[in-house]
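Here is a protein model to look over. Please keep the sequence and the coordinates in view while reading.

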Amino acid sequence: MVNADRRTASAKVQRIAETLKSMYGFHGKGGRRSNPLDTLIGTLLSQNTNDRNSYRAWVNLRRKFPSWDKVAAAPLTSVSSAIKVGGLRNQKARRIKEILARVRRDWGGYHLNGLHRMANDEAMNYLLSMKGIGEKTAACVLVFSLKRDVFPVDTHIHRVCNRLGLVRTKSAAETFKAMSPLVPEGTAYSFHVNVIRFGRELCGARRPVCVRCPLFEDCTYERKYEFHGTAGGKRIGRDVRDFMVIEHLAKKKS
Ligand code: SF4
């Protein structure tokens, strides 16, 4: 992106961030710093399933194996059975065991405390070097455990950013790269929370409620007029509960 285009895109992101802030508020990075290894494995469990089932998989896993060394020592089938409610249980169990083996090799124990001393790029690259860990999972560890100013991109954010014309990308990983330099400094976490809420309540995947959208003028979605003349989709009547596992980690007492 050339400089002039980037300035225009940054200004548009800023404008949209302000609108969403006026709708949903500003969210500081509250809560305790969750353990990075907990966040990494919790986010891995959230892949390809909904929040509720990934949370149940997490609770089952921790009940059965209260420490990571117990997971590392357990047979693969026992780990897989503990997390089956979250789907892809064999693949996820294998990944968890591989991650634990790698962490033990690199850090001499089942923790990722060394990430706290790394710069953002270094920490991202380290996490991305693990099999099965993509940009969203790595960014979640940075924002939720290390409290860094990083903008994780999930499926809702990827959809909304493309509809609004902030990026033209084909995957959440591409959106993460394209959005990172555009998000106003110090607002990544809050903007992330607000875009997810907007994506769930108004800009849903199948039937966006364009008729009530305050970002209609900024939106470049080619079907927005089709949805503008109707009541649009049903409002999703549930709390913003993205990353239930991570919220649980951030709230639990040390
Ligand atoms: S106008 Fe419709 S498609 Fe565009 S951002 Fe708003 S809700 Fe989404």
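Questions and answers on this predicted model follow.

Residues are numbered from 1 along each chain as its sequence is written. In this predicted model, local features need pLDDT of at least 70 and side-chain atom pairs count only at pLDDT 80 or more, while totals for chains, interfaces and linings use all residues.

Q: What is the mean pLDDT of the protein chain?
A: pLDDT is the predictor's confidence in each residue, from 0 to 100. In the protein chain, 88% of residues reach 70 or more. The mean is 89.

Q: Why is Trp68 buried?
A: Trp68 sits in helix H4 (residues 68-73). A residue is buried if 20 or more other C-beta atoms lie within 10 Å of its own, exposed if 12 or fewer, and partly exposed in between, with C-beta atoms placed from the backbone. Trp68 is buried because its count within 10 Å is 21 other C-beta atoms.

Q: Which residues does Trp68 touch, not counting those up to four places away in sequence?
A: Leu37 is 31 residues from Trp68 in sequence, and the C-alpha to C-alpha distance is 9.1 Å. Trp68 touches Leu37, Leu100 and Tyr110.

Q: Which residues of helix H7 are buried, and why are they on the same side?
A: H7 spans residues 120-128. The arc is taken from the directions from the helix axis to the C-beta atoms.

Q: What do the buried residues of H10 pack against?
A: In helix H10 (residues 172-179), Thr175, Phe176 and Met179 are buried. They fall within an arc of 105° seen down the axis, so they line one face of the helix. They pack against helix H8 (135-145) and helix H9 (155-163).

Q: What is the phi of Leu88, and where does Leu88 lie?
A: Leu88 is partly exposed, with 16 other C-beta atoms within 10 Å. Leu88 lies in the loop between helix H5 (76-82) and helix H6 (89-107). Although Leu88 is not a glycine, its phi is positive, about 45°.

Q: In which loop is Lys147?
A: Phi of Lys147 is positive, near 60°, in a residue other than glycine. Lys147 is partly exposed, with 16 other C-beta atoms within 10 Å. Its place is the loop between H8 and H9.

Q: Which residues come nearest to the ligand?
A: There are 14 residues around the ligand, each with its C-beta atom, placed from the backbone, within 6 Å. The shell divides into 12 nonpolar, no polar and 2 charged. Here Ala, Val, Leu, Ile, Met, Phe, Trp, Tyr, Cys and Pro count as nonpolar, Asp, Glu, Lys and Arg as charged, and the others, Gly among them, as polar. The nearest are Cys203, Pro208, Cys210, Cys213 and Cys219.

Technical notes
Helices (H or I, at least four residues) and strands (E, at least two) are DSSP runs, numbered from the N terminus. Two residues are in contact if their C-beta atoms, placed from the backbone, lie within 7 Å.
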